[in-house]
Amino acid sequence: MSDAAFTPRVFSGIQPSGDLHLGNYLGALKRFAEAQDKGVQSLYCMVDLHAITVWQEPEKLRHATRELTAGFIASGLDPEKSILFNQSQVPEHTQLAWIFNCVARMGWMKRMTQFKDKAGKNAENASLGLFGYPALMAADILIYHATHVPVGEDQKQHIELTRDIAAKFNHDYGVEFFPMAEPVIEGAATRVMSLRDGSKKMSKSDPSDMSRINMTDDADTISKKIRKAKTDPEPLPMGLDGLEGRPEARNLVNIYAGLAGMSAEEVMREMGGKPFSEFKPILADLAVARMAPISEEMGRLMQDVGEIDAILARGSERARDIAAPILARTYEIVGMVGR
Ligand code: AMP
Ligand code: TRP
């Protein structure tokens, strides 16, 4: 393997730790599916090892891993074209993560805002895995020499850390072995906000189910949630500038743009001036038209978990074929004696 040849390769991961929602769809799955036919090899990973950095019921974890896989496929990812697999089945991730634990510095890790958010006030009681999480994430990406990592805004800091780890490894060992992976963050709906509070991210951990549209919600539920979404009393402004200081209105415009495949400017040109009593039903219909078929397809796929497991097993084999030689070369660079 030539150390400096980096063919473009896409990698991204999602945790199987709860219900998939519209934020995951617009911020991640839809974009992955759109990129699929650009001819770049892409790997999408159900990061089950990341999920257990906080407690997971084993049965729920199993279910969530399969449902996430179904979500990928229902969103348009073709397991023949892209490599879909779960992290635990490719041991090279954790093997490289150990090396990266020895490259990353405590100071770097302590600056990670996601750890601070997730650990909360009781950081002493957080798992060591939660603290080390970003080093495993760097390994997920770099074990494939991935060059592009499509993620939501919230993951940018982790990709920067991945670059820092790659740069320090390359520097310390005097090689050009790991690429500088780039985050790919684009699209109007990169950050989908809660339907109940425009200042909070739509999230699976929000206690209110009305705050998010789950990818398993049926048509009626989707429609109801949009119609009940929090807004202010004013009609939509005529231009984007008018959305300043109106986070709920802005969020619904962004969601419309994401679902319709339009820019927020285009949405404002069509919808500017409409009261919410008019805009919400239009948005609700669009959300149902886009999301309900995906929810139905997920339900259908989940009826045959054997098929889902076979897709994951096949994906893991393909992933290992790429990862194994990169790990072997890493061990060699580091000075491990072996075959
Ligand atoms: P998570 O469910 O937090 O593991 O996120 C999985 C993927 O979906 C990541 O690429 C996130 O950045 C993205 N994502 C999660 N929540 C949102 C959101 N509210 N808006 C946009 N993207 C999101
Ligand atoms: N940390 C990411 C999240 O919470 C999930 C993830 C794990 C990931 N490994 C990754 C994303 C590698 C991109 C690349 O959403």
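How much space lies in the largest pocket? The structure on your screen is a predicted model, and in this model about 1300 Å³ of space lies in the largest pocket.

**The pocket**

Begin by selecting the residues that line the largest pocket, of which there are 45, and then pick out Gln114, Asp154, Gln155, Lys201 and Lys204, which lie nearest the centre of the pocket. If you colour the lining by class, you will find 14 nonpolar, 21 polar and 10 charged residues.

Next, switch to a cartoon view and select helix H1 (22-35), which gives the largest share of this lining, five residues.

**The ligand**

Now select ligand 2, whose space is the largest pocket. The elements that give two or more residues to the shell around ligand 2 are strand E1 (9-14) and helix H7 (128-142), and H7 contributes the largest share of that shell, four residues.

Show the side chains of the shell, in which 13 residues surround the ligand, with His50, Tyr133, Met137, Asp140 and Gln155 as the closest. Coloured by class, the residues of this shell divide into seven nonpolar, five polar and one charged.

Then move to Asp140, where an N or O atom in the side chain is 2.7 Å from a nitrogen atom of ligand 2. Finally, turn to Gln15, which has a polar side-chain atom 3.5 Å from an oxygen atom of the ligand.

To end the tour, display the protein surface around ligand 2, and keep in mind that the protein covers 90% of the 370 Å² of accessible area that this ligand has on its own.

Definitions and conventions:
Residues are numbered from 1 along each chain as its sequence is written. Chains are lettered from A and ligands numbered from 1 in the order in which they are written. This is a predicted model: local features need pLDDT of at least 70, side-chain atom pairs count only at pLDDT 80 or more; totals for chains, interfaces and linings use all residues. Side-chain values use heavy atoms; hydrogens and water are left out. A residue is near a molecule or strand if one of its heavy atoms lies within 4 Å of it. A polar contact is a pair of N or O atoms within 3.5 Å; within protein, one must be able to donate a hydrogen and the other to accept it, and residues adjacent in sequence count only if both atoms are side-chain atoms. Accessible areas come from the Shrake-Rupley method with a 1.4 Å probe; for residues, only the protein chains shown count as cover. On a 1 Å grid over the protein atoms alone, a cavity is a set of points where a 1.4 Å probe fits but cannot get out, and a pocket is an open set with protein on both sides within 12 Å along at least five of seven lines; lining residues have an atom within 4 Å of a point. A molecule sits in a cavity or pocket if more than half of its atoms lie within 2 Å of its grid points. Ala, Val, Leu, Ile, Met, Phe, Trp, Tyr, Cys and Pro count as nonpolar, Asp, Glu, Lys and Arg as charged, and the others, Gly among them, as polar. Grid points are joined across faces, edges and corners, and a volume is the space filled by probe spheres set on the points.
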